[in-house]
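Here is a friendly set of notes to read alongside the model. Please keep the 3D view open and find each residue as it comes up.

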Amino acid sequence: QVHLVESGGGLVQAGGSLRLSCVATGSSFYIEQIVFMGWYRQAPGKQRELVAEITRSGSTNYPDSVKGRFTIARDNVKNTVYLQMNSLKSEDTAVYYCAGGQVVGTARYWGQGTQVTVSS
C-alpha cells in the first residue's frame with residue numbers, strides 16, 4: 001500500500017511563510033498509479049476543505065481563498081508534493097493533510113496531518 005508522511009508545519013506570524021512537504025512511501029506499483037496529489041485542511045469546528053491539488057502532468061487547482069498565496073508543486077521522481085504558503089493569515093490556521101488518489105478529486109490515501117498555526 002501507500003503511506004503519505006507530511007512535514008513542515010509549525011507556528012508562524014501573520015504575513016510569514018511555511019513550506020509543507022509530503023512524501024509517498026510503500027509500494028512502487030501503487031505509487032505510480034497516483035494521478036493526483038493534494039493538500040486539504042481542517043480547522044477546529046469546520047469541515048475539511050481542499051487547499052490545492054496537482055496532477056501527475058502538473059495541472060493545478062486552488063480555491064479562491066488561497067489563490068495567489070499558496071503554490072503546490074510535485075516531484076514525481078522523489079514521490080513528493082510540496083505546498084509553499086506565503087502571506088499567511090490567521091484563518092489559515094488548521095491541520096493540513098496530504099492526500100493522493102488514482103482519480104482526480106478522490107483521495108484514497110491520507111497523511112496523518114501537520115499543524116499550521118498562524119499568529120496575528
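1. Start with Asp92, which is buried, with a relative accessible area of 0%. Here buried means under 20% relative accessible area, exposed means over 50%, and partly exposed is in between (1.4 Å probe, protein chains only). This is a predicted model, in which local features need pLDDT of at least 70 and side-chain atom pairs count only at pLDDT 80 or more, while totals for chains, interfaces and linings use all residues. Residues are numbered from 1 along each chain as its sequence is written, and side-chain values use heavy atoms, with hydrogens and water left out.

2. Which residue forms a salt bridge with Asp92? The partner is Arg41, and the closest N and O atoms of the two are 2.9 Å apart. Asp92 lies in the loop between β8 (80-85) and β9, whereas Arg41 lies in strand β4 (residues 36-42), so this pair ties together parts that are 51 residues apart in sequence. A salt bridge here is a side-chain nitrogen of Lys or Arg within 4 Å of a carboxyl oxygen of Asp or Glu. Strands (E, at least two residues) and helices (H or I, at least four) are DSSP runs, numbered from the N terminus.

3. Stay with Arg41 for a moment. At 6% relative accessibility, Arg41 counts as buried. Arg41 also forms a salt bridge with Glu49, where the closest N and O atoms are 2.7 Å apart. Glu49 has 36% relative accessibility and counts as partly exposed.

4. How many salt bridges does the structure hold? There are four. One of them is where the side chains of Asp64 and Lys67 meet, at 3.4 Å from N to O. Salt bridges that share partners join Arg41, Glu49, Arg69 and Asp92 into one network. Asp64 counts as exposed at 66% relative accessibility, and Lys67 is exposed too, with a relative accessible area of 51%. As background, side chains of opposite charge can pair when their charged atoms come close.

5. Next, the cysteines. A search of the whole structure finds one disulfide, the term for a pair of cysteine sulfur atoms within 2.5 Å. Cys22 and Cys98 form this disulfide, with their sulfur atoms 2.1 Å apart. The pair links distant parts of the chain: Cys22 is in strand β3 (residues 18-26) and Cys98 is in strand β9 (residues 94-101), 76 residues apart. Why is the disulfide left-handed? Because the torsion about the S-S bond of Cys22 and Cys98 is about -80°. Both Cys22 and Cys98 are buried.

6. Now look for aromatic rings. The whole structure has two aromatic pairs. Rings of Phe, Tyr and Trp (its six-membered ring) pair if their centres lie within 6.5 Å; planes under 30 degrees apart count as stacked, over 60 as edge-to-face and the rest as tilted. Phe29 and Tyr30 form an edge-to-face pair, 5.2 Å centre to centre with 80° between the planes. Phe29 counts as exposed at 52% relative accessibility, while Tyr30, at 28%, counts as partly exposed. Tyr40 and Trp110 form a tilted pair, 5.0 Å centre to centre with 55° between the planes. Tyr40 lies in strand β4 and Trp110 in strand β10 (residues 109-110), so the pair ties together parts that are 70 residues apart in sequence.

7. Trp110 has a charged neighbour as well. Arg48 lies over the face of Trp110, at 3.9 Å from the ring centre. A charge sits over a ring if NZ of Lys or CZ of Arg is within 6 Å of the ring centre and within 35 degrees of the ring normal. Trp110 counts as partly exposed, at 32% relative accessibility, whereas Tyr40 is buried, with a relative accessible area of 11%.

8. Finally, the nonpolar core: a set of buried Ala, Val, Leu, Ile, Met, Phe, Trp, Tyr and Cys residues joined through side-chain atoms within 4.5 Å. The largest one has 29 residues, of which Trp39, Leu83, Met85 and Tyr96 touch the most other members. Its largest share, four residues, comes from β3.
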